[in-house]
Each structure stands twice: as C-alpha cells, then as structure tokens.
Amino acid sequence: MTESPGPRPSFRELGWPRSTERLRILPATPEHSAAHWEFWRLPEVGTWLGWAPRDRADWDETYPEKSPDFLTVEHGGRVIGTLMLHVEDGWAQREIAEQAVGVHAEIGWVFHPDAAGRGLATEAVMDLLDFCFSELGLRRVQAGAFAANEPSVRLMERIGMRRESYSVKESLHRDLGWLDGVMYAILAEEWRARTPGGSGC
Ligand SMILES: CC(C)(COP(=O)(O)OP(=O)(O)OC[C@H]1O[C@@H](n2cnc3c(N)ncnc32)[C@H](O)[C@@H]1OP(=O)(O)O)[C@@H](O)C(=O)NCCC(=O)NCCS
C-alpha cells in the first residue's frame with residue numbers, strides 16, 4: 001500500500017494575495033462582505049446561482065457560513081468578483097481512502113456585470129486553477145452550471161475544462177423549471193499540458 005500523504009493545509013493558509021496581470025486575489029474576509037453583496041444582490045447575477053440572497057439580511061446571515069470557501073477578486077482596488085473553492089475528497093475504496101483525502105475541488109465564480117466582457121473572470125479562474133494544481137497539489141477540479149448559462153459554459157470551455165456530462169432536465173431552476181445541467185472538469189496533467197512552462201506545471 002502507498003504511504004498516505006498526510007494532512008493538507010487549508011487553501012487559506014497558503015501565500016496570499018496572488019496577483020495576475022490585472023487582478024489581486026485573496027481569501028474573503030468578513031470585511032469584504034459588503035463589497036461582494038454589491039453584485040450578488042443583482043437579479044441578473046442571481047438568476048443562474050444555486051444560492052442567491054433574498055435580501056441583505058439573508059446575505060449577512062449566510063455570509064459567515066459560505067465565505068470560508070470564497071476568494072475576493074479585486075481590479076484596480078475594487079472588488080469585482082467572487083471565486084468559490086471547495087476542496088473535497090475523491091471517491092476511493094476503503095483500504096486506500098486516505099490517499100483520496102482533499103485531492104479534488106469544486107470551483108465557482110460570480111462577477112459584477114460591469115466588469116464583464118474583458119476576460120477578467122477568465123483571468124481569475126485561470127489563476128485559481130494554477131493555484132489548485134501548483135500550490136494545493138490537487139489532481140482534479142470540477143465545476144457545474146445550468147446548460148443555458150452560456151457565459152459560464154463559454155468560460156469553462158475557454159479555460160480548457162472538459163465537458164464530462166450533459167444531464168437532461170436534472171436541475172430545478174426557481175423560475176424556469178427543470179433545466180439541463182452540465183459538468184466540466186480538468187485534471188492536473190491536462191492543465192500542465194495547457195500551460196507548458198507556467199507555474200501550473
Ligand atoms: C460567468 C461570468 C463570470 C462570465 O463573465 P464574462 O464577462 O463572460 O467572463 P470574462 O470576464 O472572462 O469575459 C469573457 C468575455 O470577454 C471577452 N474578452 C475580451 N477580452 C478578453 C480577454 N483578454 N481574455 C478573455 N476574454 C476576453 C471574451 O470574448 C468573452 O466574451 P464572449 O463570452 O462573448 O465570447 C459572469 O457572467 C457572471 O458572473 N455571471 C453571474 C454568476 C454566474 O452565473 N455564475 C456561475 C454560476 S454556475
């Protein structure tokens with residue numbers, strides 16, 4: 001049996017903030033709550049989200065529970081986006097389950113509409129993948145969306161995630177009823193092949 005790798009640090013304990021060409025990215029804190037609320041509150045942002053705040057009180061009550069998985073994305077000193085990173089265990093058979101602890105992640109993103117159309121979300125999610133593979137040493141990252149959420153689907157394809165499933169009428173939308181869902185994923189080796197020479201290697 002292979003030796004178990006030992007406990008992994010929380011992503012919040014690693015080197016922050018991170019900087020990209022146009023962005024600064026850091027773990028969300030209680031002080032960031034109001035800035036994230038500025039765009040999470042917008043109906044056009046909430047329409048495709050699994051969880052959208054009903055009002056400010058709902059946001060304030062829920063932020064402490066949700067924000068441990070949030071990253072704050074700043075552009076020009078202003079908060080323009082939220083990244084979500086949830087590290088989880090891979091599925092494994094009992095005898096080797098320790099080897100699958102904390103090796104996968106589910107990611108997500110929510111950006112202010114006034115920051116749209118400039119590749120800023122793409123830049124942020126690319127950096128998040130780099131962080132997942134090069135800093136956290138994850139082996140697989142996945143994300144899901146309603147199939148009709150075209151900007152998100154385009155984003156996943158743009159950054160090289162692979163469509164793994166298309167499920168017909170499997171996700172219940174609060175206004176539109178049962179809709180099709182998609183799951184995308186990328187493996188560490190696929191990321192390395194896509195970013196040769198980058199820190200994702
Ligand atoms: C999903 C979401 C982040 C995508 O936003 P976006 O503005 O399309 O994404 P980007 O900031 O990466 O910009 C990409 C767009 O800018 C264009 N662009 C311009 N300059 C670019 C650059 N330097 N690099 C990449 N794209 C660039 C791209 O062509 C693309 O446009 P297109 O999709 O019409 O082809 C945004 O729609 C959002 O937050 N939605 C609400 C929340 C949500 O649905 N979250 C996901 C739930 S699953």
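**View A. Strands E1 and E2 pair in the antiparallel sense over two bridges.** Strands (E, at least two residues) and helices (H or I, at least four residues) are DSSP runs, numbered from the N terminus. Two strands count as paired if DSSP finds at least two bridges between them. The model is predicted, with residues numbered from 1 along each chain as its sequence is written, and local features need pLDDT of at least 70, side-chain atom pairs count only at pLDDT 80 or more, while totals for chains, interfaces and linings use all residues. Side-chain values use heavy atoms, with hydrogens and water left out. Arg18 stands opposite Ile25 in E2, and four residues separate E1 from E2 in the hairpin that they form.

View B. E2 (residues 24–27) is antiparallel to E3, with four bridges between them. Leu26 faces Thr72 of E3 across the pairing, and Pro27 stands opposite Leu71 in E3. On E4 (residues 78–88), six bridges make a further antiparallel pairing with E3; here Leu71 stands opposite Leu83. E3 and E4 form a hairpin with two residues between them, and Gly76 in the turn has a positive phi of about 60 degrees. Five of the six residues of E3 are buried. Buried means under 20% relative accessible area, exposed over 50%, and partly exposed in between (1.4 Å probe, protein chains only).

**View C. Eight strands make up an open sheet of mixed pairing, in the order E1-E2-E3-E4-E5-E6-E8-E7.** E1 (18–19) and E7 (162–173) are the edge strands, each with a single partner strand, so one side of each has no neighbour in the sheet. E4 and E5 (residues 104–111) run antiparallel and are joined by eight bridges. Met84 has Gly108 of E5 as its bridge partner.

View D. Contact means heavy atoms within 4.5 Å. Axes are lines fitted to C-alpha atoms, for helices over the stretch in contact, and angles run from 0 to 180 degrees between N-to-C directions. H4 (residues 120–135) lies across E1, E2, E3, E4, E5, E6 and E8 (177–187), at about 35 degrees to E4. H5 (residues 150–158) lies across E5, E6, E7 and E8, at about 15 degrees to E8. Thr122 belongs to H4 and is buried, with a relative accessible area of 14%. Not counting residues up to four places away in sequence, Thr122 touches Leu155, Arg158 and Ile159.

**View E. Helices H1 and H3 pack at an angle of about 130 degrees, with their axes 11 Å apart.** Two packed helices are described by the angle between their axes and the distance between the axes. H1 and H3 are therefore oblique to each other; angles under 35 degrees count as roughly parallel, over 145 as roughly antiparallel, 65 to 115 as roughly perpendicular and the rest as oblique. The crossing of H1 past H3 is right-handed. The residues in contact are Ser33, Ala34, His36, Trp37 and Trp40 of H1 with Arg56, Trp59, Asp60 and Tyr63 of H3. A crossing is left-handed if the near helix is turned anticlockwise from the far one by less than a right angle, and right-handed if clockwise.

**View F. Ring pairs link Trp37, Trp40, Trp51, Trp59, Tyr63 and Phe70 into a cluster.** Rings of Phe, Tyr and Trp (its six-membered ring) pair if their centres lie within 6.5 Å; planes under 30 degrees apart count as stacked, over 60 as edge-to-face and the rest as tilted. By this rule there are 10 aromatic pairs. The Trp40 and Phe70 rings have centres 5.4 Å apart and planes at 25 degrees, so this pair is stacked. Trp40 is in H1 (residues 33–40) and Phe70 in E3 (residues 70–75), so the pair ties together parts that are 30 residues apart in sequence. Both Trp40 and Phe70 are buried.

**View G. The rings of Trp48 and Phe146 form a tilted pair, because their centres are 5.5 Å apart and their planes are at 50 degrees.** Trp48 lies in the loop between H2 (43–46) and H3 (56–66) and Phe146 in E6 (residues 140–146), so parts that are 98 residues apart in sequence are tied together. Trp48 is partly exposed, at 24% relative accessibility, whereas Phe146 is buried at 11%.

**View H. Ser171 is a residue of strand E7.** Leaving aside neighbours within four places in sequence, Ser171 is in contact with Phe146, Gly177, Trp178, Leu179 and Gly181. Glu150 is 21 residues from Ser171 along the chain, and their C-alpha atoms are separated by 16 Å.
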